[in-house]
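Please look through the sequence and the model shown here before reading on. The report then takes up the surroundings of two ligands and a link between chains.

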Amino acid sequence: MALDSKIPKGPIKDKWTIYKDKIDLVNPANKRNIDVIVVGTGLAGGSAAATLAELGYNVKAFAYQDSPRRAHSIAAQGGINAAKNYMGDGDSNYRLFYDTVKGGDYRSREANVHRLAEVSGNIIDQCVAQGVPFARDYGGLLDNRSFGGVLVSRTFYAKGQTGQQLLLGCYSAMNRQIARGKIEMFNRHEMLDVVKVDGKARGIIARDLITGEIERHSAHAVVIATGGYGNVYFLSTNAMGSNATAAWKIHKKGAYFANPCFTQIHPTCIPRSGDYQSKLTLMSESLRNDGRIWVPAKIEDAKAIQAGKLKPTEIAEENRDYYLERRYPAFGNLVPRDVASRAAKERCDAGFGVNATGEAVYLDFASAFERYGTEQAKIHGIKNPSKAEIIKLGQGIIEEKYGNLFQMYEKIIAENPYETPMMIYPATHYTMGGVWVDYNLMTTVEGLYCIGEANFSDHGANRLGASALMQGLADGYFVLPYTIGDYLADDIRTGKIPTDSKEFDEVEKEVKDRIEFFINNKGTKSVDHFHKRLGKVMWDKVGMSRNEKDLKAAMVEIKAIREEFWKDVMVPGSANEMNVELEKAGRVADFLELGELFAKDALNRNESCGGHFREESVELDGEQKGEAKRNDKDFAYVSAWEYKGEPADAVLHKEELEFNDIELKQRSYK
Amino acid sequence: MNLTLKIWRQKDSDAKGQMVDYKVTDISEHMSFLEMLDVLNEQLVNAGEEPVAFDHDCREGICGMCSLYINGEAHGPDRGITTCQLHMRMFNDGDTITIEPFRAAAFPVIKDLIVDRMAFERIQQAGGYISVNTSGNTQDANSLPISKHAADEAMDAAACIGCGACVATCKNSSAMLFVGAKVSQYALLPQGQVEAADRVKNMVAQMDLEGFGNCTNTGACEVECPKGISLDNIARMNRELMKANL
Ligand SMILES: Cc1cc2nc3c(=O)[nH]c(=O)nc-3n(C[C@H](O)[C@H](O)[C@H](O)COP(=O)(O)OP(=O)(O)OC[C@H]3O[C@@H](n4cnc5c(N)ncnc54)[C@H](O)[C@@H]3O)c2cc1C
Ligand code: SF4
Ligand code: FES
C-alpha cells in the first residue's frame, strides 16, 4: 500500500484553516448515534475522550490503572511549550514550528508541526479555564521558563508538576462527562487487540484486570492513546506499566509502525545504582537552566572521586571541566537533549565519571545560588551581605523553583543537593517513533486513530523538552475532534456495531488462546528475567551509540531471547483473576517483537540523527568534527514498517519528507 | 540486610485474608521498598508461587498508585513520601516488617495489598471540576490575572496525588483531607467561582455516601500525607460548605 499522508494543499500557514473549512461535519443529533472507543486516558486520550464527549459522541474510555489521573503523563515535570509570546522575546507560531522541526532533526512532517504550533496557544487557554494552576508572576500573569535547545522563554509550568496538573485538568473534564453519562470509563481494563470489520476498526477485545474476564466492545472508530514504548529497554524513566501492547497489536493488524528506532535519551536522570533497580528517575531538564554540568578536568581527580576519596566541593574551579560550555559556547548547558546526553557519555567513557560506577556527571547549582542570592540581597536592600547570607538567599530561590526535585533527589540518593552537586546520567525517556498516522491522525487501518506518544507524527528524531505534553493535548483537544468527525460523517446511518460477529469471535479466540498458553506453559523463568535480558541488548547495542555489526547481532539475540521466552516462561496463577504476572507476560511478549523491529529500523537508518549516534556517520572535519552527521540525501524519510509475520521480515515503506518552508541545515549548537 | 516480612494475602474481595510470613535476604539499603518486594516476588515466581499483588506504576511518588500500610503507618515510616519513595535504609538488618493494605470500609480489598479507591473517583465526578466547554474557544489565558499567592496556594492544594493515605491513617477513615484539597484548589481560583456552592455541596454529599467517616481534628492525615496537604484545606472546605448552605 502506498503511503498517503493526506497533507492538505496550500501554503503551510493556511493548511489547517483550509482543511477545517472543508471537512464534513456531523450534526449534533447524529453524534448521539456514534460510538468512539478511546484506549488510554493520559493527556492525549483523556483530552480526546473529554472533547469527543463534549461534542456529543458516546465515548468508551479504557485504561489499565484504576483512574485516568494515574496515567504516565502525570510524571512529566518540566513544562509545556506554547507560542504565546507573553514574554515579548520574539516568539511566534513560525518560530515554534521552526524550532520543533529543527529540534526534530528534520525528520518530522512540516504540516503537522505547523498545526501543532498553531494550536499551542489555545492549549494554555483551555487549561487555564479548567483551573490548571500554572505559575504566575507577581502581576498575576502567566510565567514562563526556557528549555533546552531554544532561545526564547515559552515553557509554561506548574512547579515541577506540570504533567500532573495538565492531566488533572483533562481528568476533571473527563469526570464532568462521566457524570453526564457521555463517557463510560473502564478502569483497570487492558486492550489486548483490535477488531476489524470489512477492513475498518470496529472494536476491541479487552481484559478486565480484576476479574480476568475477556470483553468485547464495539464502536464506529477506535482511538489508540496508549503512550510510548520506552520500557522496551527495561530500565527507563517510564512508569512500570507503560507498554507497547496496544500499538503493537494494531501493527500486527495492519497499522504501519514508523521510526521505531527514534528514542530520546534524557540527559538529567538519577544514575543507576545496582542490578535490582526497577526503573530510573528523571530529574526535570529545567534544572539545566540554573545548574552547570561538569566533571573533573584531571583524570586523577576523577579516580579519587570514584573511589570516594575526594568530594566535588574540594575540586577547585580551574580543575573542573564544564564540558558543555566548553564545546558548545552558544547554548552551553542548554544544548538539546541528545547533545547533552552524548557529551556526558563521552566524558564518562573517557573515565571522568563521578560515581562508583563511573556513569555520572555533576549538575552544580553553586553559581546559581550566588547569582540569585546577590540579586535577592539587592532587592531586599541588604547592604554588604556575607557570602553565607548570599548563598542562603539564593538557595531560597532555587528551592522555590525546584524544591520538590531537590527533595526527590535527596530521598533517593541520601545526599543533600543544596550542599553537594547532584549526580546525573542519561536514560531512555521518550519514544518519538510509533504508529504511523496521516495528517488526520488515522493509521493505515481505516477508522483506527492513534494520538499522543503512541503515534510518530510530530517529533521527528529528537523531540525537545516540553513538546510531548503539547502534542498530546493538541491531538486530543484540538486536532482529532475535527479529523475524526470528517471520517464519522459517513457513519451516521450505520447503527450500533454488533459484537456477536465472526470477526469478534476470531479475535477473542486469539486473545484467549494466548492467555491460556501463558497459564499452561510450565516454564522455569520469570517474565522479568526475559525483560531484563532484552533491556540489556537494547541498551548495549541499540542505545545511544549504534553500529552495523552490533545492530545485526542485536536482531539475532533478541530473536533468540524471544524463542526462549515462548518455551520457558512461567506465569503462576490463573486467567480468571487479577494476575499481575500474566499482564506482564503479554506486554513483554510484545516488547520482544518490537525490540527486533527497533533494531532493524536502526540498522536501516545509516545516519546519525536526533537522539542516536550512528558510528559510521560522523563529521570528519571542519568545525563540527566528531559530531553526529545527518544524511538528508538518503534518509529524509519516515520509515513505516508493514508487518509480515516475523519482525525481521517487516517491509519498509518510505514517506519522503518535503521541506518547503524550512531549509534543511546541519544542526550546530556551537 | 535480611528481613522477615509479614504480608497480608487475600485471593480476592470475597476471600478471607491472612498474614503470611516471608524471608528476604541480601537486601541493599539503596533499594526502594517496592524493589525489595520485587525481589520477594521474583523469589516467589521462581518457586512457582503467586507473587504478592500490590499497586504501583510511576515509582517516583507522583501517580498515587502505590499504597501499603507498613508497620502500622500509611506509606511507611518516613515523612512526606509515598511507598515507592521509601528506601530500605529506613530499616535495619533482621527487622520484621508488617505489610498490610490500606484499611477503610470505603476502600475494599481487591487482592492481597491492592485496594479499590473508586470512591475517590465518584467524589470527583460529583463536581470536582470546572464546567468549561472543552471544545470551544476559551478566552486568552492572560485575560484573567490571578495573584501569585492564590495560584501558589491552589497549586499546593492541587498537588494531592489521590493516594488515600489520609483515609488509611485516620481513625475515622475520613476523606476530608483529600476532598478539602480538591475543593480548595477551585475555591482559590477565580475560574471556578460560579459553581462553587454546588461543587462543595455535591462533593461532600458524595463523600458521605461513600462511607467515609467524619473529621475529628486529630490531624493524623496531615502527618502522613506524602504531599504535605495541610489541614487548612479542611477548614477551607468547611467554610465553603457553610457559605454554600447559607
Ligand atoms: C518522567 C517523565 C517526565 C516527562 N516530562 C515531560 C515534560 O516536562 N514535558 C513534556 O512535554 N513531556 C514530558 N514527558 C513526556 C510526556 O510525559 C509523555 O510523552 C506524555 O505524557 C505521553 O502522554 P500520552 O497521553 O500519549 O500517554 P500516557 O500518559 O502514557 O498514557 C497512556 C494511557 O494508556 C493506557 N494504556 C496503555 N496501554 C493500554 C492498554 N493496552 N489498554 C488500556 N489502556 C492502556 C494507560 O492506562 C494510560 O491511561 C516526560 C516523560 C517522562 C517519562
Ligand atoms: S490528601 Fe495527601 S494523603 Fe490524602 S490522597 Fe491527597 S496526597 Fe494522599
Ligand atoms: S508508584 Fe506512583 S506514587 Fe508510588
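## The space around ligand 1

The space taken by ligand 1 is the largest cavity, where a cavity is a set of points, on a 1 Å grid over the protein atoms alone, at which a 1.4 Å probe fits but cannot get out; a molecule sits in a cavity if more than half of its atoms lie within 2 Å of its grid points. Helices (H or I, at least four residues) and strands (E, at least two) are DSSP runs, numbered from the N terminus.

## How the model is read

This is a predicted model, in which local features need pLDDT of at least 70 and side-chain atom pairs count only at pLDDT 80 or more, while totals for chains, interfaces and linings use all residues. Residues are numbered from 1 along each chain as its sequence is written, chains are lettered from A and ligands numbered from 1 in the order in which they are written, and side-chain values use heavy atoms, with hydrogens and water left out.

A polar side-chain atom of S73(A) lies 2.4 Å from an oxygen atom of ligand 1, and an N or O atom in the side chain of E453(A) is 2.6 Å from an oxygen atom of the ligand.

## A link between chains

Over all chains the structure holds 77 salt bridges, each being a side-chain nitrogen of Lys or Arg within 4 Å of a carboxyl oxygen of Asp or Glu. D78(B) forms a salt bridge with K411(A), and their closest N and O atoms are 3.4 Å apart. Because D78(B) lies in the loop between β4 (73-74) and β5 (96-100) of chain B, and K411(A) in helix α12 (residues 387-413) of chain A, the pair joins two chains.

Key: Polar contact = N/O pair within 3.5 Å; in protein donor to acceptor, adjacent residues only side chain to side chain. 1 Å grid on protein atoms, 1.4 Å probe; cavity = no way out; pocket = protein on both sides within 12 Å on 5 of 7 lines; lining within 4 Å.
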